[in-house]
Amino acid sequence: MRGIEHIARLLGLGRKQIASQDRRASQRVTINLPVRVTGENDCANGACIARNVSEGGMLVTPNLAGDRGRRVRVDPGQGAQVVTARIVGQRPEGTGLAFLAGEEGRSLAHWMVERAHGGGA
C-alpha cells in the first residue's frame, strides 16, 4: 500500500495541507472531518473534528477528557471501520491520538484523506 503522502500528492494537495514530518513516522495531512470518539468511563466526549491525520494517528478537537495512555475508539462513520487509539497528548489545538493497530490506522488515514480531498462523498 502506498503512503499517505503519496495519496495526498495524487489528490493535488499543497504543502499547507501536508505538514512536515518532524518526529512522526509519517506525514500529517489536514482533513477537518467529523469523527466520533468514545472511550472507557466517558473519557471521550463523542462528536469531534479530526483536524489532521497520519498513518500513525490524528489530532482531534475539542480536547478530550482523559489521561495520556487512555484507550478510545475512533468512528469516522459512513461505513468506515472503527479503530482503537490511545491519547498521546493534549495541546491547545487539540488531543493527539495514536492508532493501536497499524494496518487499520493506515487504512483509516487513507480513507479519510481521500474523503476530505478526493470527493469520496
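Of the 121 residues in this protein, 40% are buried, where buried means under 20% relative accessible area, exposed means over 50%, and partly exposed is in between, with a 1.4 Å probe and protein chains only. The model is predicted, so local features need pLDDT of at least 70, side-chain atom pairs count only at pLDDT 80 or more, and totals for chains, interfaces and linings use all residues. Residues are numbered from 1 along each chain as its sequence is written, and side-chain values use heavy atoms, with hydrogens and water left out.

I'll start with the overall layout. The protein has two helices and six strands, and from the N terminus the order is α-β-β-β-β-β-β-α. Helices (H or I, at least four residues) and strands (E, at least two) are DSSP runs, numbered from the N terminus.

Two totals for the whole protein. The accessible surface comes to about 6,600 Å², and 45% of that belongs to carbon and sulfur atoms; these areas come from the Shrake-Rupley method with a 1.4 Å probe, and for residues only the protein chains shown count as cover. For contacts, meaning heavy atoms within 4.5 Å, I take those between residues at least 6 apart in sequence, and 50% of them join residues at least 24 apart.

Strand S1 covers residues 29–39, and its side chains alternate. Val-29, Ile-31, Leu-33, Val-35, Val-37 and Gly-39 point to one face and are buried.

What does S1 pair with? One partner is strand S2, residues 46–53, antiparallel over seven bridges. Pairing here means that DSSP finds at least two bridges between the two strands. Within that pairing, Thr-30 has Asn-52 in S2 as its bridge partner. S1 also pairs with strand S4, residues 71–75, again in the antiparallel sense, over four bridges. There, Arg-36 stands opposite Asp-75 in S4.

Asn-32 counts as partly exposed, because its relative accessibility is 41%.

Next is S6, residues 94–99. How many of its six residues are buried? Six of the six, and the strand is mostly covered. S6 pairs with strand S3, residues 57–61, in the antiparallel sense over four bridges, and Met-58 stands opposite Leu-97 in S6. S6 also runs antiparallel to strand S5, residues 83–91, and six bridges join the two. In S6, Ala-98 is the residue opposite Arg-86.

Two points on the backbone in the loops. The peptide bond from Thr-61 to Pro-62 is cis, with omega near -5°. Pro-62 is placed in the loop between S3 and S4. The loop between S4 and S5 holds Gln-78, which has a positive phi of about 55° although it is not a glycine. Is Gln-78 buried or exposed? Gln-78 is exposed, since its relative accessible area is 58%.

Last, the charged pairs. Side chains of opposite charge can pair when their charged atoms come close. The cut-off used for a salt bridge is a side-chain nitrogen of Lys or Arg within 4 Å of a carboxyl oxygen of Asp or Glu. The structure holds two salt bridges.

One of them joins Glu-93 and Arg-91, with the closest N and O atoms 3.9 Å apart. Glu-93 has 43% relative accessibility and therefore counts as partly exposed. Arg-91, at 27%, also counts as partly exposed.

The other is between the side chains of Arg-106 and Glu-103, at 3.1 Å from N to O. Where do Arg-106 and Glu-103 lie? Both are in helix H2, residues 102–117, three residues apart, which is about one turn of the helix. Arg-106 counts as partly exposed at 29% relative accessibility, and Glu-103 counts as partly exposed at 41%.
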